[in-house]
Amino acid sequence: MILITTAGNVGSEAARLLVERHVPVRVLVRDSGKAKALADAGAQIAVGDLEVPESIDEAMAGVSAVVLVSPGIPAQELNVVASAARAGVEHVVKATNKASADSPIARRRGQTEIEAGLAASGLPHTLLRSNAYMQNTLALAPVIAKTSSFGSSAGKGLVGMVDARDVGAVAAEIAASPGGHSGKTYWLSGPELISNYDVAAVLSELLGRTVTYREISFDENKNAMINAGVPEAIAEQNAQAFSLTAQGDAEWVSEDVHSILGRPASSYQQFATDYASAFS
Ligand SMILES: NC(=O)c1ccc[n+]([C@@H]2O[C@H](COP(=O)([O-])OP(=O)(O)OC[C@H]3O[C@@H](n4cnc5c(N)ncnc54)[C@H](OP(=O)(O)O)[C@@H]3O)[C@@H](O)[C@H]2O)c1
């Protein structure tokens with residue numbers, strides 16, 4: 001049995017692919033109503049909360065491998081690590097970011113803390129260190145629908161954006177066959193470096209009208225996210241990440257998706273086509 005700790009972008013795709021491969025999979029969710037499609041497909045659903053260790057222990061029964069993916073709050077993910085260690089789990093696949101202890105971005109420091117806890121647990125594990133998810137651009141859909149334009153403080157920064165479904169596919173592959181992946185860190189990216197100007201060009205072609213990208217300041221970007229309903233602390237961290245992007249922080253691609261899945265990583269064009277209804 002493989003346990004996937006949440007059913008967001010990465011977890012739901014990993015679960016879907018494991019079900020497709022007839023690998024027994026259980027997904028921990030707070031609200032079973034949101035996991036109906038996965039349940040209908042054949043995944044087991046465990047209702048729980050990463051804040052509640054007892055609920056994680058219940059979901060961990062009979063589990064051999066864990067896909068550890070969540071918003072990345074250290075106390076919550078360390079609850080999972082402790083539960084997995086108690087249960088004698090054989091492998092943990094951990095979704096993470098460009099974590100470092102001295103990052104200006106709190107969530108990257110948080111991931112460092114989780115990675116250290118995972119290492120200290122002695123559990124065999126694999127880290128999936130991903131570039132920015134293409135799914136982040138879905139947050140732009142409402143403003144694009146209204147104004148045919150979007151702004152960001154990422155400037156002209158290039159990003160090896162990765163489809164979170166590819167991250168889910170890599171997690172599923174490693175969780176199902178962990179041999180040889182223990183102790184490894186994979187850097188997951190899309191196939192190419194793109195800027196927000198390229199995102200605008202792809203969306204213009206897809207929507208059949210011109211979508212314009214505007215370079216805006218850190219404060220403008222942070223306030224726009226707050227006005228769109230993003231909590232202030234998250235808006236601050238997103239804007240910090242965009243500032244780093246403008247300086248080249250996300251300007252990297254790797255072949256790891258291709259080498260693990262045996263097929264190229266998905267392009268932004270493919271992603272936008274698949275999510276056309278969300279953008280239009
Ligand atoms: N976004 C990026 O560009 C990016 C890049 C690199 C790495 N990452 C990493 O990817 C991870 C996020 O993956 P994702 O995009 O798949 O996540 P996501 O789509 O944001 O989904 C998060 C899921 O966590 C669930 N959740 C939140 N709090 C919970 C709790 N206390 N107990 C149980 N479930 C809870 C949410 O469920 P509800 O529906 O109940 O809220 C949601 O299904 C993070 O570790 C992040 O650092 C992200």
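A residue is counted here as buried when its relative accessible area is under 20%, and by this criterion both Phe150 and Tyr213 are buried in the structure, which is a predicted model. Phe150 belongs to strand β7 (residues 149–152), from which Ser149 and Gly151 point one way while Phe150 and Ser152 point the other way, and all of these residues are buried. In a regular strand the side chains alternate between the two faces of the sheet. Strand β7 pairs with strand β9 (residues 212–215) in the parallel sense over four bridges, and Ser149 stands opposite Thr212 in β9.

Aromatic pairs number six in the structure. One of them is formed by Phe150 and Tyr213, whose rings are tilted, with 5.3 Å from centre to centre and 35° between the planes. Because Phe150 lies in strand β7 and Tyr213 in strand β9, this pair ties together parts that are 63 residues apart in sequence. Elsewhere, a single aromatic cluster is formed by Tyr268, Phe271, Tyr275 and Phe279.

Among the helices, the axes of α5 (residues 106–121) and α10 (residues 232–246) come within 9 Å and cross at roughly 95°. Since angles of 65 to 115 degrees count as roughly perpendicular, α5 and α10 are therefore roughly perpendicular to each other. On the side of α5 the contact is made by Ala106, Arg107 and Arg108, whereas α10 contributes Ile234, Gln237, Asn238, Ala241 and Leu244. The residues of this contact between α5 and α10 comprise four that are nonpolar, two that are polar and two that are charged.

Methods:
Residues numbered from 1 in each chain as written. Predicted model: local features only at pLDDT ≥ 70, side-chain atom pairs only at ≥ 80, totals over all residues. Heavy atoms only, no water. Axes fitted to C-alpha atoms, helices over the stretch in contact; angles between N-to-C directions. Helix = DSSP H or I, 4+ residues; strand = E, 2+ residues; numbered from the N terminus. Parallel < 35°, antiparallel > 145°, perpendicular 65-115°, else oblique. Contact = heavy atoms within 4.5 Å. Nonpolar A, V, L, I, M, F, W, Y, C, P; charged D, E, K, R; others polar. Buried < 20%, exposed > 50% of the residue type's maximum accessible area, 1.4 Å probe, protein only. Pairing = 2+ DSSP bridges. Phe/Tyr/Trp six-rings, centres within 6.5 Å; stacked < 30°, edge-to-face > 60°.
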